[in-house]
Amino acid sequence: MADNQISRRNLALMHILRTYTDEDHTLSMSEILTELEEYGYHADRRTIYSLISALNEEEEQVIYVPARKGYYYKHALLPAEAIILADAINSSPSLSEHATEELQEKIFSLLSIYQQDIVTS
């Protein structure tokens, strides 16, 4: 596989983990491989183990939960923290409505889709 393809596959893996996993939602190795296939990338489990190990060495926290036999990405913010930040931004008189919405979207993008559902409902 060309270096460009490898880099894109690695980015796809990070996107999958950041988007679809959190402490309450894990993905098994087979689910990760299926998601990567949907993005157009083929990998075997050993490659994914190696990539996850490399991510953890770079201080990205991908955690394996033996009881669920799955992995999740440890997001920088908890949903409660995202809500606090969004409320603070919302109450700021110096920000326009458009700027407020953009900042809140950026904050919520740091969460998984499941966490986003919680904080936006």
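**Close-up 1. Salt bridge between arginine 46 and aspartate 44.** In this predicted model, arginine 46 forms a salt bridge with aspartate 44, and their closest N and O atoms are 2.9 Å apart. A salt bridge is defined as a side-chain nitrogen of Lys or Arg within 4 Å of a carboxyl oxygen of Asp or Glu. Arginine 46 is exposed, with a relative accessible area of 56%, whereas aspartate 44 is partly exposed at 30%. Buried means under 20% relative accessible area, exposed over 50%, and partly exposed in between (1.4 Å probe, protein chains only). Residues are numbered from 1 along each chain as its sequence is written, and side-chain values use heavy atoms, with hydrogens and water left out. As the model is predicted, local features need pLDDT of at least 70 and side-chain atom pairs count only at pLDDT 80 or more, while totals for chains, interfaces and linings use all residues.

**Close-up 2. Salt bridge between glutamate 60 and arginine 18.** The whole structure holds two salt bridges. In one of them, the side chains of glutamate 60 and arginine 18 meet at 3.3 Å, N to O. Glutamate 60 lies in the loop between α3 (45-57) and β1 (62-65) and arginine 18 in helix α1 (residues 3-20), so the pair ties together parts that are 42 residues apart in sequence. Helices (H or I, at least four residues) and strands (E, at least two) are DSSP runs, numbered from the N terminus. Glutamate 60 is partly exposed at 22% relative accessibility, and arginine 18 is partly exposed at 37%.

Close-up 3. Valine 65 stands opposite glycine 70 in β2. Four residues lie between the strands of the hairpin, in which lysine 69 takes a positive phi near 50 degrees. From strand β2 (residues 70-73), Gly70 and Tyr72 point one way and Tyr71 and Tyr73 the other way, and all are buried. In a regular strand the side chains alternate between the two faces of the sheet.

**Close-up 4. Leucine 85 and phenylalanine 108.** Leucine 85 belongs to helix α4 (residues 79-90) and is partly exposed, at 37% relative accessibility. Leucine 85 and phenylalanine 108 are 23 residues apart in sequence, and their C-alpha atoms are 9.8 Å apart in space.

Note on methods. Pairing = 2+ DSSP bridges.
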